[in-house]
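The sequence and the model are shown first.

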Amino acid sequence: MKNFQSISEIRDEITAGKLTVHQLVQHYLNQIEEKNGRLNAFLSVYGDSALQRALLIDKKIRSGKARRLAGMIIGIKDVFALEGHRLQCASKILEGFESQYTGTCVQRLLDEDAIIIGHQNCDEFAMGSSNENSAFGLARNPVDETKVPGGSSGGSAVAVASDMCQVSIGSDTGGSVRQPASFCGVIGLKPTYSRISRHGLAAYASSFDTVGVISKSIEDAALVLEIMSGPDDFDSTISNNQVPNYHKFQSTKKYKVGYLSEAISHESLAVEIKESTSKILEQLAALGHHVEETHFSKLDYILPTYYVLTAAEASSNLSRYDGVRYGRRTPSNDLEVMYKESRSDGFGDEVKRRIMTGTFVLSASYYDAYYSKAQKVRKIIKDETEKLFEEYDFLISPTTPTTAFKIGELNKDPLRMYLEDLYTVQANVTGIPAISLPIGIDKDGLPIGVQVMSKSFNELELLDISNQIITFKDQNR
């Protein structure tokens, strides 16, 4: 069976009588059986329920009652609640836990006849940039299995890139959808914070966490975004802004585009990524967009701000995993010992590192020196970013400073690992939408991504220019 690039291709095959949803699900299950043993993208596969649901959707298609996502086979990161199915956040601390409800974004996909085929591997509690922190083993990049797929939504990107599902739903706290999308050569979309309900998403850093989409086409990303977005009584932080018809982007408008000189000239940026980004800027100019250099002086302050604040929020959010109510419990007659040993046994090294960092910056002696100061710097970063969007429709930078690195290469150097988030964290610190687009490969054949950012709730135009970039690239291969 062909590697479908969009839901339109799938619908055309179904309409022509060449394909059924049941056959499509079986195809993806065959792909998972063939590849998942090597790539470790899926932690749980729901084959029987997916096939049964496919038969029902095929019946709805024949009766003309099918919804918009009929034929869309979706994988979800192991941080999303799906009633009656395991939810472990790739951690031992949630051993044996099954969700008692379905998260809002997942339910909205199901309501439109999507099929959830399984939960996907990720860094434990979405903390990482390489998918090497999973308690269930690392995921591997399908382009080169000696390389990481990126993180934390590494398994989700691997599944789409290797045709184990059509679309994946991930979470993006500091680039966790865009960075693995870049490493694996697919599209990764992070919408505006509060655009999609976080109800049913296991919390890492609540003021940063965003539901995102990994796909092969802008069309699929737009449609899935549209369906998941909108008000939700279960999420008090959700926006009540009207949800546009994202799938009706025009791809004709001309925009004013700024590229961040500090990002393009940063010492950590690989030469081939810089060259590929420069080519995209030339292509945009050739398409009639106004492209010019601009400056963002706070680039080197974003990462420290991000890691101080997210660690603080993680310390608070993960305090609920104590061995008492659910998940892993280390037996002991002493309550305090049980708390300590359950958490020590259940959490991995990276999660412990961030909890300890967060507890430190929230302590009475250091609260003002770190947490309070980081909140002030976050406001400065947000103000300067918003000022740029008074002049430009979009800001462009590389998605990552390097292409996918070797498995184990950065494990002993957390600071170098954190540097992989250099360009992506700005969108999370400020809450703006951003997308990573595949634009080429380096000398080793590894994918290169470019990032496009826009002002809050401007996803429609962000999808528009993204489609122009992808279309132009495909036409000039």
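Which residue stands opposite Val213 in E6? Ile169 does. The model is predicted: local features need pLDDT of at least 70 and side-chain atom pairs count only at pLDDT 80 or more, while totals for chains, interfaces and linings use all residues. Residues are numbered from 1 along each chain as its sequence is written, and side-chain values use heavy atoms, with hydrogens and water left out. Helices (H or I, at least four residues) and strands (E, at least two) are DSSP runs numbered from the N terminus.

## The sheet

An open sheet of mixed pairing is formed by 11 strands, in the order E1-E3-E2-E4-E6-E5-E10-E11-E9-E7-E8. Its edge strands are E1 and E8 (290-294), each of which pairs on one side only. From one strand to the next the twist averages 30°. Two strands are said to pair if DSSP finds at least two bridges between them. Strands of a sheet pair through backbone hydrogen bonds, either parallel or antiparallel.

| Strands | Sense | Bridges |
|---|---|---|
| E4 (residues 167-172) and E6 | antiparallel | five bridges |
| E5 and E6 | antiparallel | three bridges |
| E5 (residues 187-190) and E10 | antiparallel | three bridges |
| E10 and E11 (residues 447-454) | antiparallel | seven bridges |

Six of the six residues of E6 (residues 210-215) are buried, so this strand is largely enclosed by the rest of the structure. Buried means under 20% relative accessible area, exposed over 50% and partly exposed in between (1.4 Å probe, protein chains only). Both faces of E6 are covered, with Thr210, Gly212 and Ile214 buried on one side and Val211, Val213 and Ser215 buried on the other.

Gly188 stands opposite Ile214 in E6, and Gly188 also stands opposite Ser436 in E10. Strand E10 (residues 434-441) is largely enclosed by the rest of the structure, because six of its eight residues are buried. Ala434 in E10 is the bridge partner of Lys190, and Ala434 stands opposite Met453 in E11. E10 and E11 form a hairpin with five residues between them, and Gly445 in the turn has a positive phi of about 80°.

## Helix H3

H3 (residues 47-63) has 17 residues and reaches 25 Å from its first C-alpha to its last, close to the 24 Å expected at 1.5 Å a residue. The expected span is 1.5 Å times one less than the number of residues. Which residues of H3 are buried? They are Gly47, Ala50, Leu51, Ala54, Ile57 and Asp58. These residues are on the same side of H3, because they cover an arc of only 120° around the axis. The arc is that of the directions from the helix axis to the C-beta atoms. Asp48, Gln52, Leu56 and Lys59 are exposed on the other side of H3.

The buried residues of H3 pack against helix H2 (21-39), strand E1 (42-45) and strand E3 (115-120); contact means heavy atoms within 4.5 Å. H3 lies across E1 and E3 and runs at about 160° to E3. Axes are lines fitted to C-alpha atoms, for helices over the stretch in contact, and angles run from 0 to 180 degrees between N-to-C directions. Gly64, with a positive phi near 75°, follows H3.

## Helices H1 and H7

H7 lies across E4, E5, E6 and E10, at about 150° to E6. Helix H1 (residues 7-15) packs with H7 (residues 218-228) at an angle of about 95°, and their axes are 8 Å apart. That makes H1 roughly perpendicular to H7, a term that covers angles of 65 to 115 degrees. Ile7, Ser8 and Arg11 in H1 meet Glu219, Asp220 and Leu223 in H7.

## Backbone details

Most residues other than glycine have a negative phi, and most peptide bonds are trans. Cys89 is not a glycine, yet has a positive phi of about 55°. Cys89 is found in the loop between E2 (73-77) and helix H4 (104-111) and counts as buried at 1% relative accessibility. Ala90 is placed in the loop between E2 and H4, with a positive phi near 55°. Ala90 is buried, with a relative accessible area of 0%.

A cis peptide bond joins Gly151 and Ser152, with omega at about 5°. Ser152 is in the loop between E3 and helix H5 (154-161).

Methods:
Angles under 35 degrees count as roughly parallel, over 145 as roughly antiparallel, 65 to 115 as roughly perpendicular and the rest as oblique.
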